Amino acid sequence: SNFILANAQVRQGFPIVYCSDGFCDLTGFARTEVMQKNCSCRFLYGAETSEPVLQRIEKVLDGRQEYQTEVCFYKKGGAAFWCLLDIMPIKNEKGEVVLFLFSFKDITESRGRSHPSDKKEGKQKSKKSGSSRLRAAQRQGRTVLHRLSSQFARRDRGEMKINRNVFENKPSIPEYKVASVQKSRFILLHYSIFKALWDWLILLATFYVAVTVPYNVCFTGTEDSLSAARSTIVSDIAVEMLFILDIILNFRTTYVSQSGQVVYEPRSICIHYVATWFFVDLIAALPFDLLYVFNVTVTSLVHLLKTVRLLRLLRLLQKLDRYSQYSAMVLTLLMSMFALLAHWMACIWYVIGRKEMESNDPQTWDIGWLHELGKRLEAPYINNSVGGPSIRSAYIASLYFTLSSLTSVGFGNVCANTDAEKIFSICTMLIGALMHAVVFGNVTAIIQRMYSRRSLYHTRMKDLKDFIRVHRLPQQLKQRMLEYFQTTWSVNNGIDANEV
C-alpha cells in the first residue's frame, strides 16, 4: 500500500517519519528525500493541483480530523496523476493524536475512462457513501499500522535507524558515547577504563600525601620523627613520580567543552589544561623529598612547603559528582574526609601543646595537655625538653581528643587547660557541629536511599491491608490479594514498567 506516517505532536509542519516503498514507487521520490518534510506533501504540488483542496487539507491537519478527497499530484519527473487521498489521525491509549496516516491510491486510469456525466454521478455516489469510505479507511489504517508494527518488531535494531530528532531536540545519550572516535593514537580518552583506574591511583596517592605531610610538619621536633620521615622517603618519592606522570598524561587527555563536545586536538587540550589545573598540579609535584637523597639538611620550612600538595584535594571535589550515584562510594569518601579532618586537627593540637611548653617557664609551668599526658603515662617532661610521652602516644592522644570533640563534647581525660587550647577546643566543637550537618546528614540520606525500596514495599503493603479492612473483604480474597502483591513485588521489585 502507498502511505506515509507523520508526527502529529510536532506542530511545525507535522514532519514525515515513515513512507512505504509503494509511495516511493508511485511518486518517484526516494525515502531520504521524503523524510522530515511537511506531511501536506508540497513537493507533489503542481499547476493543476486544486488550491481549495490544499487549504482544506491544512485545516484538517490543524483540527486533527479525518478527511478524504481526490487531488491532482505530480511525480518527481513532472508527470501528473490523480490520487484518492485518505487522511486518518491515529490516537494513543490516552486519546491523544500522535500520528497522521496518509493513504494514496492512484485513480488516473479510472478517472480518464469515466465520462464527465459519470464524474457527476460519481461525486453524488461518493457523498452518499462517504461514511462507508471513512470506515474502510479506518480499517485500512489499522491494518497498515498492524503490519508496520510487526515489520518493525521483526527487523534487527542494528538495521532500523530512526531519526530521534523528530521527537526530541537533543539526544539522551552524550554524542561522544555513541560516535566513532576520531583521534590520535597518543590521545587518552577521559572516559576510558585506564583513565578511571589511573584517577583512583592518584586519589590514593593524594590521600597518602594528605596524611603524611601534616604529620611530618607537626611531628618533626625530635630525632624519632626525623628517622620516621626518612623511613618513608621511598613512598614519598614514588608519589612525586606519580604526580609528575599525571601532569604528562593530562596534557594528552581529552576533555568535554562547554558545548558538550569532546576535544581531541592536542593544542586545545594543552591550552585548556594550562588554564585550569596545571599550576596546582605542578606545585604539588615538586620533588622536595629528593633533598633526603642528597643528604641536604631538611628544615621545617621544607615541610611547610610540602603542604601545598594538599591543593590536590580540590581536584577530588571536581570528581565527586561522577561517583554520586554510587551510595557506598560516597559514604566511604565522606567518612574518609571526616577522618582526614580529625587527623589534621590532631596535628594542630600537638603543635599547640609544644608551643605552649616552649613559650612558658620550664620550671614552674606544667598545666599543658602534654604535661598531663606525661604524668599519667609516668613519663613527665624535664625542663620542657627532655622526657615526656613518645611521639606515638602523643599522636594517639591527639587523635582521640579531636575525634571525641568532633563527634561529641569530649570525655575530659584529655582536656584543654590553657587559653590557646580552649580556643582550639571551641573551634573544634563548631567544626564538629558543621561536620554533623554535612557528613552525617549525607550519610543518613544515603542509607535512606539504600532502603527506600524496602520502605516502599511496607508502605504499599500497609495501604493494601487498610483497603482490605475498610471494605471488609472476605478472608479468601484477602489472602489471594496479599499473595498476588507479594509475588508481583518479588518479580519486578516494585518497578513500574510503563513508567520506565
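Which helix do Arg469 and Asp466 both lie in, and how many residues apart are they? They sit in helix H20 (residues 452–471), 3 residues apart, or about one turn of the helix. More on that pair below, after a quick word on the model.

## Ground rules

This is a predicted model, so to speak of local features takes a pLDDT of at least 70, and side-chain atom pairs count only at pLDDT 80 or more, while totals for chains, interfaces and linings use all residues. Residues are numbered from 1 along each chain as its sequence is written, and side-chain values use heavy atoms, with hydrogens and water left out.

UniProt, in an unreviewed entry, places the feature "transmembrane region" at residues 186–211, 231–249, 292–314, 326–352 and 423–447. Those positions are given in the numbering used here, with feature names shortened, and annotations may be inferred rather than shown by experiment.

Two of these spans can be checked against the model. Residues 326–352 are 96% helix and 0% strand, with the end C-alpha atoms 39 Å apart. Residues 423–447 come out at 100% helix and 0% strand, and their end C-alpha atoms lie 35 Å apart. Helices here are DSSP runs (H or I, at least four residues), as are strands (E, at least two), numbered from the N terminus.

## Aromatic pairs

The structure holds 19 aromatic pairs. Rings of Phe, Tyr and Trp (its six-membered ring) pair if their centres lie within 6.5 Å; planes under 30 degrees apart count as stacked, over 60 as edge-to-face and the rest as tilted. One of the pairs is Tyr273 with Phe278, edge-to-face at 5.8 Å centre to centre and 75° between the planes. Tyr273 is buried at 4% relative accessible area, and Phe278 is buried too, at 16%. (Buried means under 20% relative accessible area, exposed over 50%, partly exposed in between, using a 1.4 Å probe and protein chains only.)

Then there's Trp349 with Phe424: the ring centres are 5.6 Å apart and the planes are at 25°, so this pair is stacked. Trp349 belongs to helix H16 (residues 327–358) and Phe424 to helix H19 (residues 419–450), so the pair ties together parts that are 75 residues apart in sequence. Both Trp349 and Phe424 are buried.

Elsewhere, Phe23, Tyr45, Phe73, Phe81 and Phe104 make up one aromatic cluster. Lys75 lies over the face of Phe81, 5.8 Å from the ring centre; the test is NZ of Lys or CZ of Arg within 6 Å of the ring centre and within 35 degrees of the ring normal.

## Salt bridges

There are 7 salt bridges in the structure, each a side-chain nitrogen of Lys or Arg within 4 Å of a carboxyl oxygen of Asp or Glu. Lys76 bridges to Glu33, with the closest N and O atoms 2.8 Å apart. That links distant parts of the chain, 43 residues apart: Lys76 is in the loop between strand E3 (67–74) and strand E4 (80–91), and Glu33 is in helix H2 (residues 31–34). Lys76 is partly exposed at 46%, as is Glu33 at 29%.

Asp199 and Lys195 also form a salt bridge, with the closest N and O atoms 2.8 Å apart. They are 4 residues apart in helix H8 (residues 193–218), so about one helical turn separates them.

Arg469 is exposed at 57%, whereas Asp466 is partly exposed at 26%. Lys462 joins Asp466 and Arg469 in a network of salt bridges.
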